[in-house]
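Trainee: I have a model on my screen and I want to learn to read it. Can we take the features one by one?

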Amino acid sequence: MLGTAYRRLTDLRNKLLARPVPLYPDFGFGRGWPIDRHYIEGFLKAHAADIRGEVLEAAAQPNYTKQFGGDRVTRGHIMYPVPGLPGGTMVGNLETGEGIPTAAYDCVLLTQVLQFIYDMPAAVANSHRALKDGGVMLATFAGISQIAKSDMNAWGEYWRITDAGARRLFGDVFGPANVEVQAFGNCLAACAFLNGMVISDLEPADLDYNDPEFQLIIAVRAVKRETA
Ligand SMILES: C[S@@+](CC[C@H](N)C(=O)[O-])C[C@H]1O[C@@H](n2cnc3c(N)ncnc32)[C@H](O)[C@@H]1O
């Protein structure tokens, strides 16, 4: 497994040494599905049973409520912090709490959202408030990534986080016993991702080799327990 990874890394290094810009721009959109989505979607697949009942998801695309929740979902709510965006069914601001109801959801799904919110602890607290007792928050963040230019322009992109940071951030609100954190990625996957290479450019074994010193995606499952 490592042999393949190192051979690919050598090929990649030879391509990269001559250039300060990525091989392909904009996460590789247009060529295929970006590498971070391998980890985000693998995490959601593993926790698909949590996506059920009333689900709050930030942003209409890719609509993971539908993709992973299927028939378990009674109602999916697509939230944006501003009105008028395509596919939005409600306006809510996780940072200020404006428009976010209390104890309303069985699942809050925030993939690649919290790094765009300056006051991350407030956003986690408002997400916790929005959950029913026993409800689950599934969240992912970028650990290693280029900037998402359109989101940076729209909301600001403020943070990168580690598994240790996520454990404290969510543990402070949900209680440490109610929080599971995973980190995904490795050096090869990170180099490829930063260069706009896509999932189909790498072997599954290269993507799935996990090196905690190269955290490309951090994923959190946190359960609201009123007695925590
Ligand atoms: C990169 S998109 C993530 C979209 C989608 N969840 C995904 O997996 O690609 C970042 C999203 O963060 C949301 N966002 C930014 N600031 C927010 C805030 N204060 N409250 C709620 N959502 C916010 C925006 O609506 C934006 O669509």
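Trainee: Is alanine 222 buried or exposed?

Mentor: Count the C-beta atoms around a residue, each placed from the backbone: 20 or more others within 10 Å of its own means buried, 12 or fewer means exposed, and in between is partly exposed. Alanine 222 has 26 others within 10 Å, so it is buried. Bear in mind that this is a predicted model: local features need pLDDT of at least 70, side-chain atom pairs count only at pLDDT 80 or more, and totals for chains, interfaces and linings use all residues. Residues are numbered from 1 along each chain as its sequence is written.

Trainee: Which residues does alanine 222 touch, beyond those up to four places away in sequence?

Mentor: A contact means C-beta atoms, placed from the backbone, within 7 Å. Alanine 222 touches Met137, Phe170, Phe174, Asn178 and Val179. Leucine 202 is 20 residues from alanine 222 in sequence, yet their C-alpha atoms are 31 Å apart.

Trainee: In which strand does alanine 222 lie?

Mentor: Strands are DSSP runs of E, at least two residues; helices are runs of H or I, at least four; both are numbered from the N terminus. Alanine 222 lies in strand β7, residues 217-223. The chain has eight helices and seven strands.

Trainee: In what order do the strands form the sheet?

Mentor: Strands of a sheet pair through backbone hydrogen bonds, either parallel or antiparallel. Here, two strands pair if DSSP finds at least two bridges between them. The seven strands form an open sheet, β3-β2-β1-β4-β5-β7-β6, with mixed pairing. β3 (90-91) and β6 (179-184) stand at the edges with a single partner strand each, so one side of each lacks a neighbour in the sheet. Strand β4 (residues 105-111) pairs with β5 in the parallel sense, over six bridges. Threonine 111 stands opposite threonine 140 in β5.

Trainee: Which residues touch the most other members of the largest nonpolar core?

Mentor: In soluble globular proteins, nonpolar side chains tend to be buried together. A nonpolar core is a set of buried Ala, Val, Leu, Ile, Met, Phe, Trp, Tyr and Cys residues joined through C-beta atoms within 7 Å. The largest one has 62 residues, and Val108, Leu109, Phe170, Ile218 and Val220 touch the most other members. Strand β5 (residues 131-142) gives this core its largest share, seven residues. Valine 108 has contacts with Leu56, Ser127, Ala130, Leu131 and Met137, leaving aside neighbours within four places in sequence.

Terms used: Contact = placed C-beta atoms within 7 Å.
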